[in-house]
Amino acid sequence: MTEYRIERDSMGDVQVPAQAYYSAQTQRAVENFPVSGWPLPPALLRAMGLVKYACAIANRDLGKLTGSGKNPLNATQVDALLNAAKEVAGGGLADQFPIDVFQTGSGTSSNMNVNEVISNRAIELTGGDRFAKEKSIHPNDHVNMGQSTNDTFPTAIHVAVAMEIHNDLIPALEEFHQQLAAKALEWDRVIKIGRTHLMDATPLRLGQEFGGFARQIELSLTRGRAALAAVLELPVGGTAVGSGINTHPEFGGRVAAALADETSISFIEAANHFEANAQRDGLVEAHGQLKTIATTLFNVANNIRWLGSGPRCGFFEVSLPERAPGSSIMPGKVNPVMCESLMQVAARVMGNDHTITVCGAAGGNFQLNIMMPVMGHTTLESIHLMTKGVRAFIEFCMHGLTANEDVCEAAVEQSLSMSTSLNPLIGYEKASKLTKEAFATGKTIRELAHEQQLVSEEELTRALDPMSMTEPQA
């Protein structure tokens, strides 16, 4: 049976689990928002701890925490506050953040949750009684000093998104690019048939095809870096409405600098705090780039899925690693499961982008966006899914992917599009007639051109050399 203690806030007494580090405002939010069962993502909670740490650094260095204001702290208490915030930033006390994502749209409940946990943990670190009614390290007066939820919560979202892109998504995409580029080099001499509109087209090399995939991911890396750049401006320092009331004029810049030092990411203070508090356009922009990356991942995975189709009645130009039995009724069937997994990840991210767009457009009313928790959750989910999806695809698909050279080359000779290279020699109309006859008779373009002596043997051999058809010709 759960035991409780009584905590008090401005609205009165609240029963709180006896050993919880959080206090009354957190408990009220737990009771008010029994919606999804989804707490804030760990990355966002860690970022909130890091933001509180940076704020405490700025307030310490500005002399605010130990100054002449209400209940100044001593040096030991300041150190304890910093250590408690750093503990949260490191993922500690993770079970003390129970509030649902679908809460107050500013994130006030979660901001106070973090303030309360850091306050009580800091008191404990000093040897004090964290259950005492009078807080020697206060959640509002000290942990939240110079701050409002309205500037620190979006700051934490930006920090979390930037760190996840920088530390996780970009390295995953870099490895994916390297894998595809290596396949492009390895398969540079493997001739295969091209396809446009899903119909036979002129030959190309399998390495060229995978080189195109590699370039897609290279461009995705550029987009990932652009997504990171879109969230580098931090709202912190604007407090409630962007005016900076109750904070030092240097506070925002100092916090941004401290966060940049801690993360090695070039965070800066917002150029205009009224814009930074009120709108989440940078987050919409960042997720737009993430959506484009998802579009690319879907396309690459789907193309590889098609290339591996078969093994006897599809293309089967590449062999995908066998990861699991593919059917409960068809013995021996193996499916392209890793491709399908990554495609579903991409579909989820594309859907997430609509959520972000609506929240950015409809949520930014006057001086505050009021749909921030779901924006943070959704963006971080997109980053997490793509990072994990790409890593799994590399390990379980790319590492074992092989080319079926004989299959690739056999299709080239049978292709009716081989007639394309005869256009300069016999003209489009005659080449078109030859193509229709080849399809009707089942003969190859080479066989018919030879039978009809349309060009010399030397010209025919040169024109129908598949390798020469994979490059521009003078």
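**Exercise 1. At what angle do the axes of helix H2 and helix H3 cross, and within what distance do they come?**

Solution. Start with the ground rules. This is a predicted model: local features need pLDDT of at least 70, side-chain atom pairs count only at pLDDT 80 or more, and totals for chains, interfaces and linings use all residues. Residues are numbered from 1 along each chain as its sequence is written, and side-chain values use heavy atoms, with hydrogens and water left out.

Step 1. Find the helices: H2 covers residues 42-61 and H3 residues 75-89. Helices (H or I, at least four residues) and strands (E, at least two) are DSSP runs, numbered from the N terminus.

Step 2. Read the axes, which are lines fitted to C-alpha atoms, for helices over the stretch in contact, with angles from 0 to 180 degrees between N-to-C directions. They come within 7 Å and cross at roughly 160°.

Step 3. Name the arrangement. H2 is therefore roughly antiparallel to H3 (under 35 degrees is roughly parallel, over 145 roughly antiparallel, 65 to 115 roughly perpendicular, the rest oblique).

**Exercise 2. Describe the contact of H2 with H3.**

Solution. Step 1. Contact means heavy atoms within 4.5 Å. On the H2 side, the residues include Leu45, Gly49, Tyr53 and Arg60. Among those in H3 are Val78, Leu82, Lys86 and Ala89.

Step 2. Sort them. The contact residues divide into eleven nonpolar, one polar and four charged. Ala, Val, Leu, Ile, Met, Phe, Trp, Tyr, Cys and Pro count as nonpolar, Asp, Glu, Lys and Arg as charged, and the others, Gly among them, as polar.

**Exercise 3. How do H2 and H8 cross?**

Solution. Step 1. H8 spans residues 251-263. The axes of H2 and H8 come within 8 Å and cross at roughly 125°.

Step 2. H2 and H8 are therefore oblique to each other.

Step 3. The residues of this contact include Val51, Cys55 and Asp61 of H2, with Phe251, Ala258 and Glu262 of H8. They divide into eleven nonpolar, two polar and three charged.

**Exercise 4. In which sense do strands S3 and S4 pair?**

Solution. Step 1. S3 (residues 191-196) and S4 (residues 199-205) pair in the antiparallel sense over five bridges. Pairing needs at least two bridges found by DSSP.

Step 2. Ile191 stands opposite Arg205 in S4.

Step 3. The hairpin has two residues between the strands, and His197 takes a positive phi near 60°.

**Exercise 5. Is Thr296 buried or exposed?**

Solution. Step 1. Thr296 lies in helix H10 (residues 281-307).

Step 2. Thr296 is buried, because its relative accessible area is 8% (buried is under 20%, exposed over 50%, partly exposed in between, with a 1.4 Å probe and protein chains only).

Step 3. Leaving aside neighbours within four places in sequence, Thr296 is in contact with Gln216, Ile217, Ser220 and Arg223.
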